[in-house]
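Here is my note on the two-chain model you asked me to look through. I have kept to points you can check on screen as you read.

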Amino acid sequence: MGGYGDVQMIDENGLRVDGRGPGDIREITIETGVVPVADGSCRMTWGTNEAIVAVYGPMEAHPRKIQRQDRAVLDVAYNMAPFSTTDRMRPGFNRRSREISKVTKDALESVVLLELYPRSKIRISIEIVSAEAGTRCVGLTAASVALADAGIPMTDMVVSVASGKINDIVVCDLNKEEDNYGEADLPMGILPNSGELVFLQMDGDLSQEEFKQAWDYNMEAAQVVHEMMVDALKGGESQ
Amino acid sequence: MTIPIVPKLLRAHLGELAANDARIDGRDRWEGRELEVEHSVLPRAEGSARVRMGDTIVFAGVKFQIMQPYPDRPNQGGLMCSAEVRPIAGRHWEAGPPSPESIELGRVVDRGIRESGCIDVDSLCIIPGEKAWQVILDLFAISDDGNLFDAFALAGITALRNATIPAERFEVGEDEPLMLSKTPIMCSYHRVGGRFIYDASGREELGGDERIHITLGDDDNVHSLQKGLKGIFTADEFEEIMSHACDRTKELRKLIS
């Protein structure tokens with residue numbers, strides 16, 4: 001978190017740099033079937049973030065040592081394409097993408113009915129081709145749409161949204177500029193039908209009241225995004 | 001990349017089709033798949049393109065960095081081209097360090113662009129001996145249904161043609177378009193069912209044999225050639241392919257110009 005408190009990011013009317021109110025999310029589009037050779041796929045744009053996710057499987061789990069006798073394993077890889085950021089992202093091993101892959105896997109393994117496919121593997125490839133802010137949320141949300149598109153049984157889809165704080169004001173879904181000057185970030189992975197959580201991270205500085213506000217913004221936004229995900233799966237593109 | 005088990009049935013079927021001068025998806029021998037080319041599709045890249053050939057989909061993105069010129073060429077910038085085929089692109093592509101296949105892809109596309117001289121490397125110099133632009137072309141596969149070579153080459157040259165040098169961001173002058181003096185285009189041919197065909201699909205690659213890649217410049221000048229995989233071909237076969245490449249590269253060049 002940058003925490004440059006003297007940069008004014010919210011005007012006297014409470015509007016943000018891109019004209020949104022504090023609880024508003026950026027524009028989202030969702031499209032399925034975008035990787036024709038995959039079993040399920042999703043392209044999601046969220047502001048100027050763009051994630052493309054492909055799902056392959058269930059298929060044979062190899063190497064054999066990753067197999068589980070009683071359930072399937074998820075092989076989740078989150079990656080940023082070299083041209084996805086302002087400064088070129090060098091391809092290859094990177095601690096940040098390893099961590100995001102892991103927490104995304106932990107979230108998705110909580111909803112996929114793994115015990116239906118013992119000894120098999122489901123591969124989920126999350127590629128960020130354009131990054132703004134909040135790519136982990138876009139990746140996780142798009143991955144649940146791709147899993148549904150592949151017909152993988154789940155108890156619910158995961159909707160991931162983040163809220164944060166700028167100029168001591170709690171706002172939902174930080175964009176790039178806000179993220180640079182942000183004072184806190186609270187990404188959550190929400191099951192929209194039950195309000196339960198499968199993913200939670202936070203960094204920065206929030207009072208108990210601010211934390212509650214950020215939490216509520218995320219819960220509300222998750223319902224809005226969930227409707228778009230369902231629309232996209234029912235047919236064609238959702239705006 | 002794991003080597004898929006080549007189904008004997010597929011090979012036999014492709015052989016029968018070839019005997020009747022037919023292809024598995026109904027195309028004729030020299031016909032390409034439906035092609036879509038879009039440029040400036042990636043907001044974070046200084047130049048970009050998305051190419052779709054049938055069910056093969058790729059992105060190309062151009063980024064710029066400031067480099068110190070090489071001591072023996074103090075007045076020149078550079079071009080770097082790399083290809084990545086990650087597991088998203090197909091079930092036979094695996095995670096890990098770049099496979100020999102994806103390295104070959106990047107290098108063959110790189111040679112076609114570099115050797116055509118379409119980028120004037122002298123114009124990339126900012127301060128002789130100190131600062132010059134390095135143009136980085138990244139090729140990225142989203143869906144592999146065969147012939148990634150041609151898709152990468154076409155996306156690559158389209159992205160470069162639409163690239164802007166971000167001089168303002170690096171505080172070395174004003175933004176300006178990257179100038180390209182030529183448009184090299186690649187055409188690839190695979191031996192399937194005993195004879196060469198143009199623009200192989202995934203199934204044709206799987207049940208086929210050797211492949212030949214040809215990059216031609218504006219005046220049909222040859223800029224790069226590559227023969228890949230096990231196989232033997234004759235001079236007559238090559239002549240037939242080259243003559244098709246001369247016609248097809250002109251059509252493709254018109255499409256992106």
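**Notes on the model**

1. Let me begin with helix H3 of chain B, which is mostly covered: 13 of its 14 residues are buried. Buried here means that 20 or more other C-beta atoms lie within 10 Å of a residue's own, exposed means 12 or fewer, and partly exposed is in between, with C-beta atoms placed from the backbone. H3(B) covers residues 148-161 and reaches 20 Å from its first C-alpha to its last, close to the 20 Å expected at 1.5 Å a residue. That expected span is 1.5 Å times one less than the number of residues. Helices (H or I, at least four residues) and strands (E, at least two) are DSSP runs, numbered from the N terminus.

2. A word on reading the model: it is predicted, and local features need pLDDT of at least 70, side-chain atom pairs count only at pLDDT 80 or more, while totals for chains, interfaces and linings use all residues. Residues are numbered from 1 along each chain as its sequence is written, and chains are lettered from A and ligands numbered from 1 in the order in which they are written.

3. Beyond its neighbours within four places in sequence, Ala155(B) is in contact with residues including Val51(B), Val58(B), Phe59(B) and Leu139(B). Two residues are in contact if their C-beta atoms, placed from the backbone, lie within 7 Å.

4. Next, the interface. 24 residues of chain B are in contact with 24 residues of chain A. On the chain B side, strand E3 (56-67) and strand E6 (131-143) are the elements that give two or more residues, and E6(B) gives the most, with 5 residues. This side divides into 10 nonpolar, 5 polar and 9 charged residues.

5. Chain A has an open sheet of 5 strands in the order E1-E2-E3-E5-E4, with mixed pairing. Strands E1 (28-32) and E4 (73-80) of chain A stand at the edges with a single partner each, so one side of each has no neighbour in the sheet. The twist averages 15° from one strand to the next. Two strands pair if DSSP finds at least two bridges between them. E1(A) and E2(A) run antiparallel, joined by 5 bridges, whereas E4(A) and E5(A) run parallel, joined by 8.

6. Helix H4 of chain A (residues 208-234) has 27 residues and should span 39 Å; its end C-alpha atoms are 39 Å apart, which agrees. Its buried residues, among them Tyr217(A), Val225(A) and Met229(A), pack against E1, H2, E6, E7 and E8 of chain A.

7. Some backbone details deserve a look. Most residues other than glycine have a negative phi, and most peptide bonds are trans. Cis peptide bonds join Gly57(A) to Pro58(A), with omega about 5°, and His62(A) to Pro63(A), also with omega about 5°. Pro58(A) lies in strand E3 of chain A, and Pro63(A) in the loop between E3 and E4.

8. Positive phi values turn up at Asp168(A), near 65°, and at Asp199(B), near 55°. Asp168(A) counts as exposed because it has 11 C-beta neighbours inside 10 Å; Asp199(B), with 25, counts as buried. Asp199(B) is also touched by Asn147(B), a residue in the loop between E6 and H3 of chain B.

Notes:
Ala, Val, Leu, Ile, Met, Phe, Trp, Tyr, Cys and Pro count as nonpolar, Asp, Glu, Lys and Arg as charged, and the others, Gly among them, as polar. Axes are lines fitted to C-alpha atoms, for helices over the stretch in contact, and angles run from 0 to 180 degrees between N-to-C directions.
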